Amino acid sequence: MSSPRRIDVHQHLIPPAYRNVMDRHGATAAGWPTPAWDARSAIAMMDRRSIATGILSISSPGTHFGDDAEARAVARDANEYAAERAKDRPDRFGFFAALPLPDVDGALAEAAYALDELHADGVVLLSNVRGRYLGDKEYEPLWAELDARGVVVFIHPDAPPMPMLEGMPGPLLDFPFDTTRTAVHMTLNGVMRRHTRMKVILSHAGGFLPYAAWRFTAGAQFNPGTTPLGILTGLQRFYFDTALSSTPSALPSLLAFAAPGHVLYGSDFPFAPVETGALLDSMLDGYDGFEPGQLDAIDRGSAEALFPRLADA
């Protein structure tokens with residue numbers, strides 16, 4: 001491509017104050033080293049990889065380290081920092097606002113502030129917070145508010161409540177599992193059936209959800225009020241990004257399952273190594289199974305439908 005075109009819905013930032021909080025708590029992204037980040041380096045990467053705009057978000061471990069008041073302050077600081085980057089370069093950056101779950105009242109307040117005052121492009125939620133998954137009934141007020149506003153919700157995985165395997169940090173093995181787990185939990189508990197205005201993006205091609213979706217429909221026999229078709233319909237309401245997932249083995253399953261227009265480009269910068277990102281981009285560009293126009297939709301068109309402000313960027 002001659003000029004940057006892609007819209008990257010899975011790109012992270014690490015504000016200096018947030019890094020300090022992580023260091024103070026001894027926190028990492030489930031055992032993965034925290035990389036360096038600054039806006040200039042991010043734009044340089046985007047230019048190399050034909051990314052016009054990156055929608056920035058906080059990654060694992062999120063903003064809540066055990067204290068609600070601290071979490072509210074951490075989320076506010078991170079969101080204001082991200083908003084400044086987007087304000088400086090609205091053509092190159094947008095952002096998903098971090099929310100201080102499991103503090104639902106704090107999350108509602110921060111969502112209103114970030115969307116109304118900071119003009120966030122959506123919100124980011126982690127797949128679980130201390131073992132509480134996103135279909136939990138305690139989160140229903142938040143889902144109702146996000147749906148009423150028609151918000152784009154980006155779900156990023158976190159470590160599941162289980163020990164990591166030695167030599168396999170959470171992002172390598174456990175994150176795809178946890179994304180799948182929370183998506184199924186949301187669907188079985190009716191979140192996707194009740195709230196049809198919001199758009200929900202799952203990281204990393206939805207974990208292994210596309211590959212195993214039909215298996216999950218059997219959950220209807222254990223969940224009164226659900227049907228196999230209803231479960232499948234709910235699962236197909238999700239959107240999926242290609243971060244770390246645009247491989248010849250993953251793309252066929254993803255494209256066979258996802259609804260038209262529901263696959264979006266993702267880089268996972270700066271957590272994904274530079275060499276890995278370049279390799280995955282080449283796999284995406286070189287995949288020979290796309291229908292006409294499908295790669296253009298993944299690169300940009302489908303994201304323009306979710307973020308109309310970028311349609312003319």
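This is a predicted model: local features need pLDDT of at least 70, side-chain atom pairs count only at pLDDT 80 or more; totals for chains, interfaces and linings use all residues.
Most residues other than glycine have a negative phi, and most peptide bonds are trans. Serine 50 has a relative accessibility of 10% and therefore counts as buried, the cut-off being under 20%.

Arginine 130 also has a positive phi, of about 55 degrees, although it is not a glycine. This residue belongs to the loop between β5 (128-129) and β6 (132-133). Its relative accessibility is 54%, so arginine 130 counts as exposed, the cut-off here being over 50%.

Cis peptide bonds were examined next. The bond from serine 60 to proline 61 is cis, with omega near 15 degrees. Proline 61 lies in the loop between β2 (51-57) and α3 (68-88). A cis bond also links leucine 101 to proline 102, again with omega near 15 degrees. Proline 102 is placed in the loop between β3 (93-98) and α4 (104-116).

Rolling a probe the size of a water molecule over the atoms shows where empty space is left. Across the whole structure, one cavity of 30 Å³ or more is found. The largest cavity holds about 50 Å³ of space. Its lining consists of Arg49, Thr242, Ala243, Leu244, Ser246, Tyr265, Gly266, Ser267, Gly277, Leu280 and Asp281. By class, the lining residues comprise four nonpolar, five polar and two charged.

Methods
Residues are numbered from 1 along each chain as its sequence is written. Side-chain values use heavy atoms; hydrogens and water are left out. On a 1 Å grid over the protein atoms alone, a cavity is a set of points where a 1.4 Å probe fits but cannot get out, and a pocket is an open set with protein on both sides within 12 Å along at least five of seven lines; lining residues have an atom within 4 Å of a point. Grid points are joined across faces, edges and corners, and a volume is the space filled by probe spheres set on the points. Ala, Val, Leu, Ile, Met, Phe, Trp, Tyr, Cys and Pro count as nonpolar, Asp, Glu, Lys and Arg as charged, and the others, Gly among them, as polar. Helices (H or I, at least four residues) and strands (E, at least two) are DSSP runs, numbered from the N terminus. Buried means under 20% relative accessible area, exposed over 50%, partly exposed in between (1.4 Å probe, protein chains only).
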